[in-house]
Amino acid sequence: MPNMPGDNPLIMTIDAISDFHQAVPLPPDADEAAIVLVESINRLLERLAARFDVSNQEANSLAAGSIRMVVMADVQERLSQADKLVKTSSDIKRFFEDVLVDLQDATGARVGIYVSLDGAGVPRSLVSPGANEALLTELKQSSVFHDILRAACAGTGVVSNQGTSGSMPAILANPMLVAPVFIRGKAVGVFVMLGREGEGVFSRDDLTMLEQLLPDVTRVLERLDLLRALEQSNRSLHAEQLKQQVLIEQLEAAQSQLMQSEKMASVGQLAAGVAHEINNPIGFVYSNLGTLEKYLENLFEIVDNYELAESAITDGDVLARLQLAKQKLDLPFLKEDLPALMGESKDGITRVKKIVQDLKDFSHVDVTEEWELADLQRGIDTTLNIVSNEIKYKAEVIKEYGNIPEVKCLSSQLNQVFMNLLVNAAHAIEERGTITIRTGQQGQEVWVEVSDTGKGIAPENLKRIFDPFFTTKPIGKGTGLGLSMAYGIMKKHHGRIEVQSEVGKGTTFRVSLPVEQ
């Protein structure tokens, strides 16, 4: 062996050692003392290597623990802020994605998934910040994945799985952490951490971290559950309020329609009563006018005879008084004007009789409100006479009646329909126009059309014209009940009412009803 240490091959070999895991090779010319020294140094290196590995693992563990502490602090902060951040259901997905990102950082998992379960424990939706939709859909439909979730929910804590084999999504072959979330003892979701960066499985520290986080996650989910229940209650309450509002409006409409019907019935009875009371005096006035006309004819005949006898009067005084009276009374004018006055009086009283008869026909108080065979065209004519004052200054009425049979109906109610259509037609004409009334038969139905040349109905209003209280007329001009009443009456007769309209050209209403009920 050389005397100088720097020239000794064994010392040079030992100086070249840079790692505890290396061993000192034995020099070829080593003597017994050198062999003992090399073996002793190698045993020391082995012990140092073991100590180094342990220290290194402890250092890595401390570093990983520090990272987990930081991540857990982030998650705890996120969970503590959840009450403020998560206000609606749409915030829940973003909340889970953020929590899963933190959990992936803490555990080193490649994929983090939150599975929301329905009441039967079946996956309802899957949330993952990294996985694509195809993978989530595949997992949602995988029976193996369902079995893993059921097994996790059957326990009470976090489960570590080394991966599963068989026919299933490939990602399930990776190590996984499965952490069920319970609310009031019922599983509502599952956290699933899949795969791990690098080699190895999840550690006990990963399980512990999830176990520590689950109570806070559960608290947040309980709050969200209450929030969703409150939202659902609010929606139900709002829906119930809308339903109540609709019922109130329908009740008010029905009440108004009933009041309108009662009003029309009262008007009809009043008209019928007035017509009845007027009918008798009109009758004897008309009769007396006939008798009076005959008497006047007799008187004029006598006067004519007296005039013929004037030439035979010899008493000049009498003759003078007679001629003075004739001159004073203007007898020629009387003889000419009296027949004209009688004719006008008879014409007037005839018109009054017609009005009275129309009132009786319209109100139909002479008959009970029973189904009967009625001539619709006669009913239309009667109604035209009643509303003539509304129409005559606005429109010319053209009748194009077809040959239709009598119809079994409630005639007074149909007259009400005709009156509403005719009055509406007159109101739709702004200056002067035409109202055309047509009738006809098609199969076992008869129909009546009322067309006007008025301003028409806007398309957006056509769907609403039969709604109670809907009107486009100025305030005080219409109640909005006429067409809704007409619609109800036609329904009662198993018929229908239809409308066609073009703005600026006019409107046609057509009512159809069966001949027999």
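Visitor: So a salt bridge is a side-chain nitrogen of Lys or Arg within 4 Å of a carboxyl oxygen of Asp or Glu. How many salt bridges does the structure hold?

Guide: It holds 14. Bear in mind that this is a predicted model, where local features need pLDDT of at least 70 and side-chain atom pairs count only at pLDDT 80 or more, while totals for chains, interfaces and linings use all residues. Residues are numbered from 1 along each chain as its sequence is written, and side-chain values use heavy atoms, with hydrogens and water left out.

Visitor: OK. Which residue forms a salt bridge with Lys-335?

Guide: Asp-304 does, with the closest N and O atoms 2.7 Å apart. That pair links distant parts of the chain, since Lys-335 is in helix α8 and Asp-304 in helix α6 (residues 204-309), 31 residues apart. Helices here are DSSP runs of H or I with at least four residues, strands are runs of E with at least two, and both are numbered from the N terminus.

Visitor: Is Lys-335 buried, exposed or partly exposed?

Guide: Lys-335 is partly exposed, because its relative accessible area is 29%. The cut-offs are under 20% for buried and over 50% for exposed, with partly exposed in between (1.4 Å probe, protein chains only). Asp-304 counts as partly exposed too, at 31%.

Visitor: And which residue pairs with Glu-307 in a salt bridge?

Guide: Lys-326, with the closest N and O atoms 3.5 Å apart. Glu-307 is in helix α6 and Lys-326 in helix α7, 19 residues apart.

Visitor: What about Asp-381, which residue does it bridge to?

Guide: Asp-381 goes with Lys-399, at 2.9 Å between the closest N and O atoms. Asp-381 lies in helix α9 (residues 376-386) and Lys-399 in strand β7 (residues 395-400), so the pair ties together parts that are 18 residues apart in sequence. Lys-399 is partly exposed, with a relative accessible area of 44%.

Visitor: Back to α7. How far apart are its end C-alpha atoms?

Guide: They are 20 Å apart, and that agrees with expectation because the 14 residues of α7 (residues 316-329) should span 20 Å at 1.5 Å a residue. The expected span is 1.5 Å times one less than the number of residues.

Visitor: Which residue caps the N-terminal end of α7?

Guide: Asp-315, through a side-chain oxygen that lies 3.0 Å from the backbone nitrogen of Asp-317. After α7 comes Asp-330, in the loop between α7 and α8 (331-363). Asp-330 isn't a glycine, yet has a positive phi of about 55°.

Visitor: Where is His-494 found?

Guide: In the loop between α13 (482-492) and β11 (496-502). His-494 also has a positive phi, about 60°, without being a glycine. It's exposed, as its relative accessible area is 59%.

Visitor: Last one. How many helices and strands are there in the protein?

Guide: There are 13 helices and 12 strands. Buried residues make up 35% of the 517 residues.

Methods. Polar contact = N/O pair within 3.5 Å; in protein donor to acceptor, adjacent residues only side chain to side chain.
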